[in-house]
Amino acid sequence: MNRDEEHSSFVSTLTGCAQRELFLTFVITMLGLFIRNLMLPWIFLGTRYDINRKTYWLKYVGDVIFLCLPSLLAMTILSNHLIMLTTIMIVGSLVLLIFVLFEASENYLIANLKQAWTRIVEEQHRPTKFVTYFRSLTMVLVTVAILAVDFPIFPRKYAKTEKFGHSLMDVGVAAFIFQSALGSRMAKSPSSGRTLSNHSRPFYLSSTFLLFALGFVRAIVLEVIGYPQHVNEYGVHWNFFFTMAVVRVFYSILPRCYPLVLSVIFGICHQTMLKSTGLQKWILDENANQRENLLTANAEGLTSLLGYLTIFYASLAIGDFMAKTSIRVKSWIRRCFQLLIISFFLFLIQLATEKFVDPPCRRVVNITYIFSQLTLMTFATAVCLSIQMFNVVVWCASFPQFSRGDDPFSPVSPCLSDSINRHSLLFFLISNVLTGLINLSISAHSMTSPYYSFPILLGYLILCTGSVHFLEYRKVNFVRLHSE
C-alpha cells in the first residue's frame with residue numbers, strides 16, 4: 001500500500017457501530033453540559049465573569065473539563081465503557097439536583113415552581129439558547145473525531161462506513177445541515193428576540209460564497225501537498241464545504257413554504273433514483289466506478305446532494321414547529337416531550353426502512369440514513385432544550401445561586417458554547433488546519449500508545465477551543481468592583 005491507500009484503509013470501517021453507541025456518546029456530551037450548569041454557580045458562588053480575568057479563564061478550564069473531556073473520553077479510552085460512563089454522569093447529575101432542591105426547599109419551593117411554570121419567556125431568557133448548545137456540542141464532537149480517527153485510540157467502529165451501517169464519523173455533515181436549518185428558522189421566529197438586519201452583504205461576504213471558496217481552497221491545497229484523502233467519502237474533488245454551499249444555493253432558489261411536504265417529495269425522488277436506476281449499486285461497487293471524468297470522480301458528493309436537501313427541509317419543518325412555541329415556560333417544557341415523541345416516531349420509520357429497504361448508507365444518503373440522522377438530531381435537540389429550560393425554571397423560581405443576574409444564564413456565563421457558536425466556521429477551520437499539520441508532522445496511525453495520543457488530542461482540543469474563547473475574551477469589558 002502507498003500512503004494514501006494506507007491512510008484510507010485505516011480511517012474507514014466496513015461494519016460501523018451500534019446505533020445506541022451514537023446516542024450514548026451524544027448523551028454523555030450533553031450530560032457534561034448539564035453537570036457544568038449545575039456545578040458552576042456553586043463553584044463560583046455567582047461571581048461575575050467580567051470582574052477579573054482570572055475568573056474568566058477559570059471558568060474556561062471548567063468548560064474544557066465538562067464540555068470537552070467527556071466527548072474525548074467517550075471516543076477514545078472509554079469507548080467500550082459508554083454505559084458505565086453514562087451511568088456515572090447520570091448519578092452525579094441526580095446527586096447535584098437533590099442538593100439544589102434541598103437548598104431551595106426552605107424558600108417556598110412548590111409555590112415558586114408553580115409561578116415559574118406560568119412565567120413568560122422573554123427576550124432576556126434567551127429562548128433559542130438550545131440551538132447554541134446543540135451547535136457547539138456537535139462542533140466539539142466533530143472536532144474531536146476528525147483528528148482522533150487518525151489514531152488507533154479511536155475505535156474503528158466509529159470511523160466512516162464504506163457501504164452500510166451506523167458510525168459516529170457519518171454524523172458530521174447531517175448534523176451541520178440540521179443545525180443550519182434549525183438555526184435559520186429559530187432566528188426568524190418571534191420568540192428569538194432578534195432583530196434581523198435589512199442590509200444585504202456583498203456577495204463575496206455571503207456564507208454561500210465563503211463555503212464555495214473554502215471548498216476550492218481545500219481541494220487545491222490537498223492536491224498540491226499530496227495530503228492523503230479518503231476518496232469514498234465524497235469523491236476525488238468534492239468535500240464538505242461544497243455540499244453545504246450547494247444545499248444553501250438550492251434553498252435560495254426553491255420554495256420555502258411547506259418544508260415538510262418538500263422534504264417528503266425530495267426523499268421519495270432520491271430513494272427512487274438510487275434504487276430504480278441502479279445508481280446506489282454502481283457507486284458502492286468499487287470496480288464499477290472507474291472515476292473517468294469529473295462527474296464520476298465525484299459521484300458520492302453529487303449523488304448525496306438530494307439526500308442532504310431532504311434532511312435540510314425536514315429540519316426546516318422541525319424549526320417551524322419550534323418557532324411556533326408559545327411564550328410561556330410550560331409551552332417550552334411541553335416542546336421537550338413533543339420532540340422526544342417525534343424522535344421516537346422517526347426511529348420507528350427508520351427501523352421499517354432498515355428492514356424493508358436497506359441499512360443506512362452515508363455514501364449515497366439513502367432514506368434509512370436520512371431517518372437515522374433525523375432521529376438522532378431531534379433527540380439531541382430535545383435534550384439541549386431540556387437543559388436550557390432547567391436554567392430558565394430555576395432562575396424564575398429564585399433558586400439560590402441560580403437566580404443571580406439579569407437572565408437565567410448569567411450564573412453560568414461565560415460559556416465556551418457561546419464562543420464556539422459565534423465563531424463556528426473559524427473553529428472548524430482551525431481544527432481542520434491543525435489536523436492537517438499534526439498528520440503531516442507525525443505518523444498518527446502508528447501511534448498505538450494512548451499515553452502519547454490522548455495528550456495530543458487533548459492539547460489539540462484546548463488549542464481549538466482556547467482560540468475562539470480568546471476572541472470573546474478580548475471583547476469583555478473587565479471591571480473592578482470595590483466594596484465601600
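Reply: Helices here are DSSP runs of H or I with at least four residues, numbered from the N terminus. On that basis, valine 365 falls in the loop between α16 (329-356) and α17 (367-396). The model is a predicted one.

Phi of valine 365 is near 50 degrees, a positive value in a residue that is not glycine. Most residues other than glycine have a negative phi. Valine 365 is also buried: its relative accessible area is 0%, and the cut-off for buried is under 20%.

A second case is arginine 291, which is not a glycine either and has a positive phi of about 55 degrees. Arginine 291 belongs to the loop between α12 (279-284) and α13 (294-297). With a relative accessible area of 21%, arginine 291 counts as partly exposed, because that class lies between the limits of 20% and 50%. Side by side, then, valine 365 is buried, whereas arginine 291 is partly exposed.

Among contacts in the chain between residues at least 6 apart in sequence, 83% join residues at least 24 apart. The accessible surface of the chain is about 21,900 Å², and carbon and sulfur atoms account for 65% of that area.

Terms used. Residues are numbered from 1 along each chain as its sequence is written. This is a predicted model: local features need pLDDT of at least 70, side-chain atom pairs count only at pLDDT 80 or more; totals for chains, interfaces and linings use all residues. Side-chain values use heavy atoms; hydrogens and water are left out. Helices (H or I, at least four residues) and strands (E, at least two) are DSSP runs, numbered from the N terminus. Buried means under 20% relative accessible area, exposed over 50%, partly exposed in between (1.4 Å probe, protein chains only). Contact means heavy atoms within 4.5 Å. Accessible areas come from the Shrake-Rupley method with a 1.4 Å probe; for residues, only the protein chains shown count as cover.
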